[in-house]
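Visitor: Please take a close look at one part of this model, the place where the two chains meet. What holds the attention there, residue by residue and element by element?

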There are 2 protein chains.
Amino acid sequence: MGCVIGGSTHPAVAKARNALSPFFGYGWCTLYGHGGASRADAQHAALLNGIASHVHDYDDTHLATITHPAGPVASALLAIIEHLAHTKEPGLTTGEEMLTALVAGIETSCLLGLSVWPSHYDIGWHITSTTGSLGAAAAVGRILRLSTEQMQHALGIAASQVTGLRCMFGSDTKSFHPGRAAQAGLVAALLAQQGYTASEDSLEAKRGWANVVVGGGQPQLDKHLAQLGTSWEVKKNAFKPFPCGIVCHPVIDGCIKLHERLLEQANVNKHQDVDLTKLQIRAKVHPLVIELTSKRKPRDGLEAKFSVYHGAAVALLYGKATPAEYADDVVQDATVIAIRDAIHVEADADMRAEQMSLTYVCPFERRTCTLVVEHALGSLETPMTREQLTRKFVDQAAHVLGKPRAEDASRRMWNIAAAKDVTDVVRWI
Amino acid sequence: MGCVIGGSTHPAVAKARNALSPFFGYGWCTLYGHGGASRADAQHAALLNGIASHVHDYDDTHLATITHPAGPVASALLAIIEHLAHTKEPGLTTGEEMLTALVAGIETSCLLGLSVWPSHYDIGWHITSTTGSLGAAAAVGRILRLSTEQMQHALGIAASQVTGLRCMFGSDTKSFHPGRAAQAGLVAALLAQQGYTASEDSLEAKRGWANVVVGGGQPQLDKHLAQLGTSWEVKKNAFKPFPCGIVCHPVIDGCIKLHERLLEQANVNKHQDVDLTKLQIRAKVHPLVIELTSKRKPRDGLEAKFSVYHGAAVALLYGKATPAEYADDVVQDATVIAIRDAIHVEADADMRAEQMSLTYVCPFERRTCTLVVEHALGSLETPMTREQLTRKFVDQAAHVLGKPRAEDASRRMWNIAAAKDVTDVVRWI
C-alpha cells in the first residue's frame, strides 16, 4: 500500500489514467493516494493501482525468483473487495479474509514462479506479471468463493494472459505489467464465476502455461506445488529498502556504509573535504547486477533504477537512496554524474546475490581499504525492521498525502488484520 | 462481421457479458448482433465482439500461419471508430480510412506471425491472439493518427501482452483470446497516445517479443517485415466455408462431394437406401489434421469443431457443415455418432494442407472407389465466391437478426468502402 500511494503521483500513472478514464465504469473502487477522492471501476482500479505499486521499483520481492507478488495480487484483491461492498448485500470482507486471499495469491504466484524458474526469466519474461495474473485470479477467486472447478477455470483464463517482457525494463511498460496482471486475474475470476470455461489442465498440459512459458526448458510444477499448505513462500517475501532493482541493493548498502565511514573519519579529521570522484571504488558483485542494472548513463529516474552506478553514487553522496534520490533532476545533477562515472563495478561468480565487496582508496588513511556486505539490508538474513518498514511507508505516503495522513494510513494498514470491513480501512487512503 | 453477429448469441459471449457488464463505461459502442440495442464502452465492445468473432471457429484464415487476423483487428478498430464518433468533434471515420487501418492491422498480424512461424505455434501459442494484439494496436493507432514514435510504443505495449495458449482449444477461453487481443491492442494504442512509453525495440530486442515467443527458435523479422507495402498478406487471407478447424476442411469438402455423388447414384438406382456406417471410409490427410482435430468422441458443439470425424459425418449425412450442424443436439445425435465412429482418418506426410484423398466401398458399384480433393473450398486456389460469402454472412446473421435485417446488414457491409461515416453503417447491426 505504501508503494501504491507513493507511486500514485508518478507520470506513468497519470498517463494511463488520462488514456483510460473515458472508459471507466461506476467509481466504486479507490485509486489509492488521493484520499478517497479518485475512484474507478474495479478493473481500472486494479490496473492503475497495480501500475502505481511497481512504478518506483520499490515493492516487495520474493528473492528466490525476483518476483514482486503483492502488487498484482493486492491490487486485484482490494478492487474486488470494494466492488463487492457496493454491489452485493452483505458484501463486506474482513481483514482476516482479505489476508487469507492475499496469502493464497502470493503462494500461487511464487510457487508457479519457482516451477518455471530460471529458464522462464532467462528467456525474457517479466516473472512478476506472468505469475501475477495467476496469483490475482487465486486471490479474487477466494473472495468470490469460487468452487474448485470454477477456480480451475479462473486459473486457466489467467494463465492464457501472459503479460510482461523484460525488454520493457526502463520504460513505462514495466509498471504496466503488474497492473495488467492484476486486471487479467480479476477478469479471469469474474468470468469463471459466470461459468466461462478454460482447459482443465491449463498449467500442466503439453501446450499449457508451464511448458509454453519456459520455451525449451523443463518446468517443475509437481515439485513446487507439493509444498502448498505446508511451507510458505510468503515468509520468504522480502521488502526493499531502496527503490530500484533489488540486485544492486548490496552495492547501495555498501556505499551507504562507506558514506557513514567517511563521514566519521572526516569528523575525526576535522571535516577535511572528500572528493568522492577520487576514491577509485571497485565493487565486486553477483553477475546478475551487471546483466540487469548496468546502465552507465541513465537519462532519468526510470533508467536510474537500472543503474547500479547511480544507486552507488547517491548512496555515497547522500548516505541514502529513497525515491527522492531517483528524481530526474538528481539523475541529471553534475556532481552525481561525476561520482557515477568514477565507480567501477565488476561481476564475480563467487558472490551471492545479497553479497558485495568493494575496495577504495581511503583519502584519510591513503591506502586501499575494503568494505564487505555479507547480507544486504532487506535480505532474509537482514530483514527490514517494523520501524524501518513504517518509515518507508510514511516516507513514500507523506509526499502524496502529507505526513499526518500518511501516519494515519500506516496505522490503519498495520491493524488491518483485525478489521471487520476492509473497505472501511482503505477507502480514505 | 458475419461471424461476430453469428457468434453474438453464443453462451460464451453471454457469460462474458454477464461477468463484465457491471464494469461497463458509457455505452458508445455496438455489441453487434443486437440491432444497436446493446452497447458498451470501447474496451468491452472490443473484447465481446472479439469473442463473438471467433466462437464458431468460422472466421477468416491466413493460411500460411493459421492465423485469424480480422477478429482482433476489426473488433478493436470498429470500437475505437464508434468511440471517437461520440467523444471527438469531428470524430467521423470514412469507410476508406477504416479499410486502410484494417489492412494495416492485418498486415501487422500476419507478417509478425510469419516471422515467428512455425516454432511459435508449435510451442503452444495461439497465434491468432498473440499477433492479434499487435495488429489491433496498429489499426487503432492508425485511426488515432499516432506519430511514428507513438506507434512504436503502441506496438511495444501490445507486444508485452501475449495472450493465447493452445491447450485452451475446445474451451470458452479459445474465443476469449482474440477478444482479449483486440482489447489489449486498443488499450496499447490509447496509452501510447498519452505518451505512455515502451521499449524502442520491443519486437526485435534480445528479450523482446519475437525472441521470447519463439522459445528456443529463430525468429525472422527482417525477412518478413521487408515486404511491408510491396506484397500483401491480406490477399492471402481466406474465408472458411465450414465453422471448424480449417485443417479438416478438405475432408469435409470431400465428404460433401461424396454425399452428392451417392445421392446421384441413389437417384439412378431408384432411391436405394445407403447405410453410411458401412462405407468403410478411409481418408488420408495432412498430419496436422490428426494433431489438431482428432477428437473421436466430441461431447458438444465446441469439441466437435476439433473433430474431423464429426465434420466428415455431418457432411456425409446432410451434405453440408454450417453452424447448425455443430449444434449440441446434432453432436449428440445417435445417427451422427454411428457414422462418426465408422470413419477412419490417417496422416499422410505427402498430403498438402488443402488436399485429401479418401477411399470407400461404393454400395452401388460394390467395389472400393477413390475421391480426391486437390484444393479444398476456401483455399487460395478455390476461394469462396462473392455469392458464397454473402450466403455465409446471411446464413449466420439471419439466426440472430432475422433474414431481412441480415440481408440489409450484408448489403451495408459490402458497400462500406464508400461510406462517409462508418458508424452510420454499423451501429444498427
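Guide: What follows is a description of the interface between chain A and chain B. The model is predicted. On the side of chain A, 61 residues are in contact with 60 residues of chain B. Together the two chains bury about 5000 Å² between them, and carbon and sulfur atoms give 61% of that area. Three residues, Phe23(A), Tyr196(A) and Arg207(A), supply 17% of what chain A buries against chain B, more than any other three residues.

Next come the polar features. The count of residue pairs in polar contact between chain A and chain B is 23, with both residues at pLDDT 80 or more. The elements of chain A that each supply at least two residues to the side touching chain B are α2 (11-20), α3 (42-54), α6 (119-123), α8 (148-159), β4 (161-163), α9 (173-193) and α10 (209-213). Of these, α9(A) gives the largest share, 10 residues. Sorted by class, the side of chain A that touches chain B has 30 nonpolar, 23 polar and 8 charged residues.

Salt bridges across the interface of chain A and chain B number 2. One of them joins the side chains of Glu291(A) and Arg207(B), with an N to O distance of 3.1 Å.

Strand pairing also crosses between the chains. β4(A) pairs with β4 of chain B, residues 161-163, in the antiparallel sense over 3 bridges. Within this pairing, Thr163(A) stands opposite Gln161(B) in β4(B).

Key: Residues numbered from 1 in each chain as written. Chains lettered and ligands numbered in written order. Predicted model: local features only at pLDDT ≥ 70, side-chain atom pairs only at ≥ 80, totals over all residues. Heavy atoms only, no water. Contact = heavy atoms within 4.5 Å. Buried area = accessible area lost by both parts, 1.4 Å probe. Salt bridge = Lys/Arg side-chain N within 4 Å of Asp/Glu carboxyl O. Polar contact = N/O pair within 3.5 Å; in protein donor to acceptor, adjacent residues only side chain to side chain. Helix = DSSP H or I, 4+ residues; strand = E, 2+ residues; numbered from the N terminus. Nonpolar A, V, L, I, M, F, W, Y, C, P; charged D, E, K, R; others polar. Pairing = 2+ DSSP bridges.
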